[in-house]
Amino acid sequence: MQNHRKSNSSLRIGGLPKHFPRVHALIAGTAAFMLSLAIIIPTPEVAAKRTPLPVNLSAVTSTDEPLPTPAPTFTPAETPLLNVSVEAVKSLSLQVRNGDTLSDLFQRAKISAKEMYQLLGSGSEAKQLARLAPGEELTFQMNNDGQLQSLKLQRDRLSHIEFTRTTSDQFEHALIQREPDSHPAYRQAQIDSSLFLAGSDAGLSDSLIMEMADVFSSDIDFALDIRKDDHFSVMFEEQFLDGEKIGNGPILAVSFTNQGKTFSAVRYVDNSGDANYYTPEGKSMRKAFIRTPLDIVRISSHFNPRRLHPVFKSRRPHNGTDYAAPRGTPVYTTGDGRVIAAGYSKPNGNYVFIQHGERYVTRYLHLTKRKVKRGQRVKQHQVIGTVGSTGYATGPHLHYEFLVDGRHRNPATIVRKLPKAKSVPASEMIRFKNQTQPLLAKLENFQGPALAQLDEDNP
Ligand SMILES: [Zn+2]
């Protein structure tokens, strides 16, 4: 019979102080951890591999005496067992430096190459030891004879993998995942000169500002519509580990007032586990078109309210919207569609025309480079070219047109009228309200006193 038991790692962690955050232990074949995922769901395959007890503790003890089999569930009373065994083991932690190989680290730990190959040969998971990144930490545990008993690879603060000797030439592994504590955080800001400036003054990271702009990307043109005194409030998750902030989770609820009109959105995780943003009434924030055909980071990171308005309106007749932007700024298609023209002409310079469904066409002129070909299918937000000044253009800008049934229309007014992506189905409405109303109430609570304060300061 093969002795190939997997130990329940929560047993080992159980000996740590009580205030330790919740620890998730997975015995996993392959488990790529993503920082953004707060919830780790073991796949059925992974779950099936969990055969926690009885536990073979010989790996962490220096005695050959048989140990009592622990009870099927962990209780704090078992902790002393663990402490006894840990004392008998020598431990050495080494940081992976630039250019280090696994054998360098084994040499530094004074463990034989034979044991290293034993470990590497113990299964496919051990192969990842051969791909070390600088800054990662390896912790070797040896018995009194200097034989490797376990090796822990700390990938990042949230995850480590531990290899533990089970027999004279076998190692088992455990992937241990910690879940950060999440708390809602709130920020609000009033825009003076730039969305990014206001956001960072309020303590928001650029990626959170981008995330917020993305939520409203069908309602607000963040390149042209933003005005002084526009304001927003946003509630998002902050993630902590051992009391220290390690990152941000998603935006939970957000409201943005643009030129006196307030848009609100709330995050909802639907029946099938997909998270999307909706209006408080359950209408999707995603629409057939986004408002800004440009990478707004590049333009609004240093916008000046006076420069916001179209600069290049001298050419008549003018049927589109002009976005002044640095040469090379990525240009997006504002909706899913098919490229019906991509070429060069004297007035247009490099241009791309896109057909969306039966009725809509968008046009993008004066590009430095075209990144799509005629006939190609494109997805909303896909880069189709870069800003330039080819054709009749006095400086680098994007000339953008929106046509409905062949007639030029103002994208600002037409896009808001277009049908939205599917709303929350009636059957899911109670679930939607139950999940989102507390979030919206919290956002409003945060907002209430803070905004009153703001009014007092700026009558
Ligand atoms: Zn123009």
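**Exercise 1.** Find out how many residues of strand 20 (residues 397–404) are buried, and which way they point.

*Solution.* Start with the terms: a strand here is a DSSP run of E of at least two residues, numbered from the N terminus, and buried means under 20% relative accessible area with a 1.4 Å probe, protein chains only. Eight of the eight residues of strand 20 are buried, so the strand counts as mostly covered. Next, sort them by direction: H397, H399, E401 and L403 point one way, while L398, Y400, F402 and V404 point the other way.

A word on the model: it is predicted, with local features needing pLDDT of at least 70 and side-chain atom pairs counting only at pLDDT 80 or more, while totals for chains, interfaces and linings use all residues. Residues are numbered from 1 along each chain as its sequence is written, and side-chain values use heavy atoms, leaving out hydrogens and water.

**Exercise 2.** Work out which strands pair with strand 20, and in what sense.

*Solution.* Two strands pair if DSSP finds at least two bridges between them. Take strand 12 (residues 321–324): it pairs with strand 20 in the antiparallel sense over four bridges, and T321 has Y400 as its bridge partner. Now turn to strand 16 (residues 360–367), antiparallel to strand 20 over six bridges; here Y364 stands opposite Y400. Finally, strand 21 (residues 407–409) pairs with strand 20, again antiparallel, over three bridges, and V404 is partnered by R407.

**Exercise 3.** Look at the hairpin of strand 20 and strand 21: how many residues lie between the strands?

*Solution.* Two residues lie between them, and D405 takes a positive phi near 50° in this hairpin.

Conventions
Buried < 20%, exposed > 50% of the residue type's maximum accessible area, 1.4 Å probe, protein only.
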